[in-house]
Amino acid sequence: MSSDAAERGGGEPGGIPDGLPALRLDGVTRSYGSRKALDGVSFTVPRLSVFGLVGPNGAGKTTLFSTIAAFLRPDSGTIRILGDHSPGDPALLGRVSILPQDALFDRNLMIIDQLILYRRLQGATAAQATVEVREALVRVGLGEYLDRSVTVLSHGMTKRLGIAQAFLGSPELIFLDEPTAGLDPRNAGRIRRVIRELSEHSTVVVSSHNLAELEDLCDQVAILDRGVIKATGTVAELMERQGRRTLELELPAPPSEELRRQLAAHPGVRSLAGTEGRLAVMLDATGPEPVAAVLRTLLDAGLVPRSFHDGGSLEEVFLSLTDESPE
C-alpha cells in the first residue's frame, strides 16, 4: 500500500470507517427525458472484494458508473462511497479510480510522462510518481514501452496501459469497465491476476460481458437490466435463488439413450445436454439427493465420472433474469 493510502486513517485498512462498505447505492434513479436509465438501483459492495456488474447493452451500466463518478447527477436516491462520502467529494481525490472502456491518452507525450503527470496531479512527488509508474507498467507487461508514444501500442496494449493508470497510488475503490475486452488470452489472464492482487488492499468493481471471467473472478455480482437490479449475490447464491443447479460431468464414454432416459426420470432433473463424453444435468432441486441419484445411476451403469462439477453458471442466471427484447 502506498504512503497515500497509509495516511488516510479510518477504523479498517483502506481508511473506511468500521463496519461500512466500500460503496452503497440506495434507490438511485436517473432519466434521459422519459426514459429511465436507472430505476431505483440499490446494492452494496463489500470492502476488499471484487464485485461484478453485468447487464446487456443498454442496461444502464455506463450511466451507473458515470453517476458514481459524479459525471452525472442522480435524479433521486443516495450514493455513499468509502464511508459517508458523496460522489465528487474532494476527500475522494486519489482514493477512487475509474477506468472507462476506451480510455484515451495523449499522442504527443511519452507513456511514462503521462502517467507521472497523472500521479503528480494526485499529490505524489516526482520521485514517488516515477517509481510507481515504472512498477505499474512492468506489472501489466509494458515496461519496455515506457519511453515511447501511445501511437506504437496496439488496442490490447492500450487497454493494459489504462489498467496501469487505474491502480496508480493504490486507490481504495477501483472501477474497471470491460478491462479485458480485446485482449488475447495470455494478457487477459495477466490482467485478471492483477485484479486479484488489487483486491488484497482495494475494492474492485468490474463491468464486463465476459460472464465466465466474472464468475471466476468476482466475490459477488449484480445483474442490471433496463436500469433495474434484478439480483445480487455470489453465483452460488443466485443459482440457489433460481432453484436451479447444473451437474457437469466428463464421462469415459457417451451416455446411451437408455441411460439418458433413466437419468431424466429422476425427480428434480429438468433436462440433459452434452455430446461425446460430456454430460450436463440441469436440476430444479438444490438439495444433495438429486445429485446422489444421478451419480448412483452412472455408477450402476459402469460409468465413473472423470471430472465432476456441481453448480451453475453466471450465464444461466443472466439469461433467465434479463429481457430478451431488443433495446
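Modeller: The structure holds two aromatic pairs. This is a predicted model, where local features need pLDDT of at least 70 and side-chain atom pairs count only at pLDDT 80 or more, while totals for chains, interfaces and linings use all residues. Residues are numbered from 1 along each chain as its sequence is written, and side-chain values use heavy atoms, with hydrogens and water left out.

Biologist: Why is the pair of phenylalanine 43 and phenylalanine 51 called stacked?

Modeller: A pair of aromatic rings is described by the distance of the centres and the angle of the planes. Rings of Phe, Tyr and Trp (its six-membered ring) pair if their centres lie within 6.5 Å; planes under 30 degrees apart count as stacked, over 60 as edge-to-face and the rest as tilted. Phenylalanine 43 and phenylalanine 51 lie 5.4 Å centre to centre, with 10 degrees between the planes. So the pair passes on distance and is stacked on angle.

Biologist: What makes the pair of phenylalanine 65 and phenylalanine 175 edge-to-face?

Modeller: The angle between their planes is 70 degrees, at 5.4 Å centre to centre. Over 60 degrees is edge-to-face, so the label holds. Phenylalanine 65 lies in helix α2 (residues 61-68) and phenylalanine 175 in strand β6 (residues 173-177), so this pair ties together parts 110 residues apart in sequence. Helices (H or I, at least four residues) and strands (E, at least two) are DSSP runs, numbered from the N terminus. Phenylalanine 65 and phenylalanine 175 are both buried, and so are phenylalanine 43 and phenylalanine 51.

Biologist: How do you know that serine 202 is buried?

Modeller: Buried means under 20% relative accessible area, exposed over 50%, partly exposed in between (1.4 Å probe, protein chains only). Serine 202 has 0% relative accessibility, so it counts as buried. Serine 202 is in the loop between α6 (185-198) and β7 (203-207).

Biologist: Why does the link from serine 202 to histidine 201 count as a polar contact?

Modeller: A polar contact is a pair of N or O atoms within 3.5 Å; within protein, one must be able to donate a hydrogen and the other to accept it, and residues adjacent in sequence count only if both atoms are side-chain atoms. Here side chain meets side chain at 3.0 Å, so the contact between serine 202 and histidine 201 counts.

Biologist: Which residues are in contact with serine 202, leaving aside neighbours within four places in sequence?

Modeller: They are Leu48, Ser49, Ser170, Pro171, Glu172 and Ile174. Contact means heavy atoms within 4.5 Å.

Biologist: Why is glycine 55 called buried?

Modeller: Its relative accessibility is 2%, so glycine 55 falls under the 20% cut-off. Glycine 55 is found in the loop between β3 (50-54) and α2. Not counting residues up to four places away in sequence, glycine 55 touches Lys61, His209, Leu224 and Phe318.

Biologist: Why is arginine 226 called partly exposed?

Modeller: Its relative accessible area is 35%, so arginine 226 falls between 20% and 50%. Arginine 226 is in the loop between β8 (220-225) and β9 (228-233). Arginine 226 also has a positive phi of about 50 degrees although it is not a glycine.

Biologist: How many residues does the chain have, and what share is buried?

Modeller: Buried residues make up 47% of the 327 residues. The chain has 11 helices and 13 strands.
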